[in-house]
Amino acid sequence: MRIYLDYVKGYGKSRSLIASIRTKPTRLEQKFLNKFDSVGYLNAIVSQTLSLDSFLVMPVSRLPRLKLLLREQIKIAEHLDEDPDQLKQLHRIYAGLSKHAEKINEEVNTFISSCSD
């Protein structure tokens with residue numbers, strides 16, 4: 001989780017850096033941007049080409065998407081009257097994931113507040 005938190009903390013800075021590079025890039029930076037923008041990042045899972053910004057946000061959005069997926073799985077399991085032990089396990093996993101997500105959000109908010117002081 002530490003690496004994830006560091007990535008989320010640096011995400012805003014990365015986007016700002018890319019925006020400033022796009023404004024007045026050096027020759028090397030322009031070459032990189034042209035290469036990435038023309039080829040894109042091929043996401044083999046969904047077979048779509050992503051922009052650099054879309055690629056960078058993927059790790060940031062992964063944890064919230066996982067929480068949504070688990071919450072939907074719990075709803076389906078409850079509706080289908082799944083095995084109570086499996087349902088308890090899903091609830092435990094969701095609670096643990098929510099706890100981690102809350103901790104990360106708190107640390108990111110603290111980091112953001114410290115940057116604006």
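I started with K75, which is partly exposed at a relative accessible area of 47%. This is a predicted model, and I read every value with that in mind.

**Salt bridges**

I searched the whole structure for salt bridges and got two. In one of them the side chain of K75 meets that of E72, at 3.4 Å from N to O. I then checked E72 and found E72 partly exposed too, at 40% relative accessibility. I placed both K75 and E72 in helix α3, residues 52–79. They sit three residues apart there, about one turn of the helix.

The other entry pairs the side chains of K103 and E107, with 4.0 Å from N to O. I looked up where these two lie: helix α4, residues 84–116. K103 and E107 are separated by about one helical turn because they are four residues apart in α4. For E107 I noted a relative accessible area of 23%.

**Helix α1 against α3**

Next I looked at how α3 lies against helix α1, residues 2–23. Their axes come within 10 Å and cross at roughly 160 degrees. I therefore logged α1 as roughly antiparallel to α3, as the angle is over 145 degrees. I noted the α1 and α3 crossing as left-handed.

I listed the contact residues last. On the α1 side they include Y4, Y7, Y11 and I18, along with R15 and R22. On the α3 side they include L52, L56, V60 and L63, along with D53. I sorted the residues of this α1 and α3 contact by type and got twelve nonpolar, one polar and three charged.

Technical notes. Residues numbered from 1 in each chain as written. Predicted model: local features only at pLDDT ≥ 70, side-chain atom pairs only at ≥ 80, totals over all residues. Heavy atoms only, no water. Buried < 20%, exposed > 50% of the residue type's maximum accessible area, 1.4 Å probe, protein only. Axes fitted to C-alpha atoms, helices over the stretch in contact; angles between N-to-C directions. Parallel < 35°, antiparallel > 145°, perpendicular 65-115°, else oblique. Left-handed = near helix turned anticlockwise from the far one by under 90°. Contact = heavy atoms within 4.5 Å. Nonpolar A, V, L, I, M, F, W, Y, C, P; charged D, E, K, R; others polar.
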